[in-house]
Amino acid sequence: MNVAELLDGVFPGSGAPLAATEPFEQRRQRLLDDYGRRLEICRERIQAWHRCGASGREVVGALTKTTDALIRSLFREVSPRPPEPPGISLIALGGYGRGELNPRSDIDLMFCHDRRRRTASEEIAQRILYLLWDLGFDVGSSVRTCEDCLEMSRQDLTIRTSLLDSRFLAGDPGFFKEYERIVLVQVGSIDSRQFVRDKLAESETRQRKFGSSVYLLEPNIKEGKGGLRELHTAFWVAKVHYKVRSPHELIHKGVLSERGLMEIEAAFDYLWRIRNELHYLRQRKCDQLQFPDQERISKFLGYQDRKNALAVEQFMRDYYTHAAHVIELAAALTASAADLPQGLKFRFGFRTPRPLDEYFFVQQGELRAFRGEVFSENPVLLLQAFRHSQHQGVKLSFQLEKIVRDQVDRITDRWRRSREMGRLFLEILRAPKGVSETLREMHRLHFLHHFIPEMANIFCMVQHDAYHIYTVDIHSLFAVEELARLWRGDYAGVYPFLTEVSKGVEKRELLLLAALLHDVGKGEGSNHAEKGARMIPTIARRLGLGKEDGRRLEFLVRHHLLMAHIAQRRDLNDGKMIQDFARLMGMSENLKMLFLLTFADLKAVGPEVWTPWKSYLLAELYEKAFNILEKGDFFQEKNSEKVLLRKRRVLEILAEEFGERAVKEALKYLETRYFLGHGTTEITAHLRVLLSRGEKTLAMKAEPVPGTEQTRLILSTLDLPGLFSMIAGVLAAVRINILGAHIYTLGNGVALDILQVDGGGRAIEDPRKLERVQANLTAALEGRVRVEDLVAKSRTGHGSFQPAVPQRFPDRIEIDNDVSTHYTVVDIYAHDRVGLLYDITRTLAAMNLSIGVSRISTKVDQAADTFYVKDIFGHKITLPEKLAELKEKLLTVLGGEGA
């Protein structure tokens with residue numbers, strides 16, 4: 001099928017209008033009905049053609065031809081006789097002018113007229129525009145003279161750019177030739193150098209808005225890095241600089257080769273096909289490839305799930321590869337225009353070259369090569385180029401970038417194992433500045449995964465979830481950048497403790513390598529930390545690392561998830577667990593590096609992932625483990641003394657306020673674990689709430705958690721089965737999230753619960769919300785309201801927390817009886833939803849299990865909750881049948897299908 005067949009017989013030819021004898025207003029509805037039907041026939045045929053495998057170029061061409069035929073017909077219908085009034089031309093601009101209409105693209109029209117024909121032009125424009133709007137088009141329009149166009153193009157870069165894509169549609173062709181002579185020639189000649197600078201600056205601004213990385217997980221296919229606008233900008237720059245109207249003219253001028261133009265046309269075709277499908281799926285103009293769209297488009301393009309990669313992940317990996325190639329193509333075309341004025345300066349002796357050695361020189365702020373042929377003989381020079389670029393603080397010239405891209409395949413194992421390449425790479429990592437920038441350039445030019453081939457499997461690798469914003473390789477480079485920012489002092493004001501710890505790292509290059517390689521195992525499937533660690537000895541030997549450094553690097557990669565896991569999901573007051581962790585670290589340097597790597601890893605995931613609360617927990621774990629490593633068994637030896645001292649101080653503070661006897665009794669009924677987990681100030685605050693309850697059902701106090709965006713809730717009431725479940729339900733009903741909890745039951749039956757909470761990532765500062773919590777919880781404890789009703793009302797009345805991302809992973813339960821001395825630890829992984837915590841805790845209560853500690857964590861769409869539980873007798877759950885029952889009931893309430 002071709003465009004002619006699609007349009008055959010649908011739109012009338014260039015003959016008479018449909019009903020020329022009737023006035024326009026009497027014909028208007030018939031025109032809408034008739035042309036609406038014709039338009040629908042063409043659109044249905046084009047969509048069917050698209051579904052049958054038509055290329056992107058074929059579909060945008062067909063849509064453009066259809067729209068052309070429609071508008072030309074309407075122009076004849078609405079024009080006064082004769083059909084083509086003199087002195088008026090209807091001109092397509094922008095994307096429509098280029099002939100690049102996607103299914104839901106808007107169209108940009110200009111009615112250009114001789115100044116004596118303004119009234120007629122405005123009448124025609126009004127009639128056509130209202131018809132097009134009623135037919136469902138999104139139309140941008142203007143009515144201008146040639147003089148108007150020139151004046152506005154001088155003042156507005158956007159208007160000037162749109163005029164470059166002018167295309168005649170209907171009206172007076174002779175007047176359009178005059179428009180070309182007066183307007184287009186001058187628009188293409190007005191200060192071309194300034195135009196180039198302005199367009200490149202505009203491109204940078206656009207990328208800051210839509211994402212400055214190709215590798216965003218939900219990229220904008222039009223405006224984002226590596227999208228259609230990259231190619232458009234390159235052509236606009238070339239049009240103005242080389243004074244051409246079409247891309248084919250660039251071949252005649254020697255700017256582009258035929259192969260180069262074919263590559264650009266293929267890039268357009270690829271992006272158009274995806275954009276066409278996106279518009280058809282959304283039934284509206286939309287350019288961001290969101291997760292649900294990606295899954296559907298991958299199936300449309302024929303991708304299928306494989307063992308180690310979903311169809312959507314394969315599609316997005318290919319997309320990023322294409323997008324990176326788009327940047328190369330656009331950069332080559334832009335550089336040829338942007339560099340020419342500087343080249344002229346060099347010919348006249350300005351800014352002479354500054355040689356660095358026999359291979360490289362610096363000129364005009366760029367690193368250049370004397371002879372390109374030497375790189376094929378000695379690939380070490382590729383790495384030397386990056387080292388020079390870093391050391392001199394200059395960019396690689398376009399010529400040198402092309403050499404790198406063309407020669408990376410020459411890096412064989414023989415060269416990777418050479419001492420010179422290992423030395424140069426470690427020199428780059430040890431340099432005081434420019435490390436992350438240099439690694440990013442290596443990645444962009446495909447050098448990095450050729451030099452470290454283990455990284456090839458994570459190049460452009462997608463993690464299809466709402467938690468990760470970047471591809472695996474870009475995330476790793478950002479982790480390197482986060483460490484560099486720590487060492488530069490960028491975080492000294494906001495993260496002083498981390499900054500101070502970072503100063504004590506002995507071998508920064510090892511930590512940078514760990515950040516670069518920490519996720520290298522993801523290319524091999526599940527259990528990526530272990531698989532990545534197994535790759536490290538080979539990589540370390542190639543780089544020439546010593547045995548001790550190699551072992552430390554392997555240690556960091558193997559355990560890079562551990563510290564975050566323990567800090568966020570384990571009881572940091574559990575002395576045995578802290579000791580086990582410190583023993584695993586072995587020495588404080590390992591702990592220090594793992595702490596910093598954990599920070600960099602989390603911070604590099606996305607802007608909302610590193611939170612003050614996570615910082616607080618990690619710092620607590622670090623300090624406790626560091627003290628054990630540096631001071632031996634200090635904590636074990638001093639525990640009893642510490643408990644007695646804290647009891648004595650609290651008694652001194654509270655005796656006058658509540659009476660010595662009442663304070664002593666409360667202290668007597670609290671277990672040792674409580675005193676080891678909280679300092680004197682905290683214990684005093686807790687007991688003030690507990691002792692102030694008196695005869696009331698509930699006592700509650702809210703206070704900010706210093707250095708975080710969380711609120712601490714201190715609650716005291718008489719203990720009863722399912723109390724924590726009640727609390728969880730009441731808080732869920734008012735959209736308060738529990739992040740962590742310590743739950744204590746005194747020997748006299750009084751409950752003391754300390755919760756860390758927030759509301760949408762912010763501390764709870766609205767006193768009315770806190771009053772509502774206290775009132776609802778009191779009513780629930782007294783049997784006046786049912787918590788189930790509160791939760792059900794919140795689910796139906798306020799929508800859902802559940803994001804648009806479909807559930808990627810099955811619900812999972814893990815039970816551990818080894819990590820804690822006194823508790824069975826239950827880890828729950830589930831798709832997050834409103835009231836999830838309430839449902840889990842109610843299930844635990846129904847099984848007569850009491851909760852001692854809980855840790856609640858959510859990664860956008862995935863909840864990861866941990867509970868330290870005991871049975872009704874205060875023992876761990878050890879019987880196999882009980883453990884199986886626990887897992888089965890939790891999976892049932894989660895909606896899971898198996899462990």
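Me: Two strands pair if DSSP finds at least two bridges between them. In this predicted model, what makes E1 and E4 a pair?

Reply: Strand E1 (residues 88-93) and E4 share 4 bridges, in the antiparallel sense. The rule asks for at least two, so E1 and E4 pair. Leu90 stands opposite Ala170 in E4.

Me: Why are E3 and E4 called edge strands?

Reply: The open sheet has the order E3-E2-E1-E4, with mixed pairing. Strand E3 (139-144) and strand E4 (167-171) each have a single partner strand, so one side of each lacks a neighbour in the sheet. From one strand to the next, the twist averages 25°.

Me: What makes E5 and E6 a pair?

Reply: E5 and strand E6 (residues 360-363) have 2 bridges, antiparallel. The cut-off is at least two, so E5 and E6 pair. Pro355 has Phe361 in E6 as its bridge partner.

Me: Why do E5 and E8 count as edges?

Reply: This open sheet of 4 strands runs E5-E6-E7-E8, with mixed pairing. Strand E5 (354-355) and strand E8 (395-396) each have a single partner strand, so one side of each has no neighbour in the sheet.

Me: Which strands does helix H17 lie across?

Reply: H17 (residues 380-392) lies across E5, E6, strand E7 (366-369) and E8, at about 35° to E6. Helix H18 (residues 398-407) also packs on the sheet. H18 touches E6, E7 and E8, and its direction makes about 60° with that of E7.

Terms used. Residues numbered from 1 in each chain as written. Predicted model: local features only at pLDDT ≥ 70, side-chain atom pairs only at ≥ 80, totals over all residues. Heavy atoms only, no water. Contact = heavy atoms within 4.5 Å. Axes fitted to C-alpha atoms, helices over the stretch in contact; angles between N-to-C directions.
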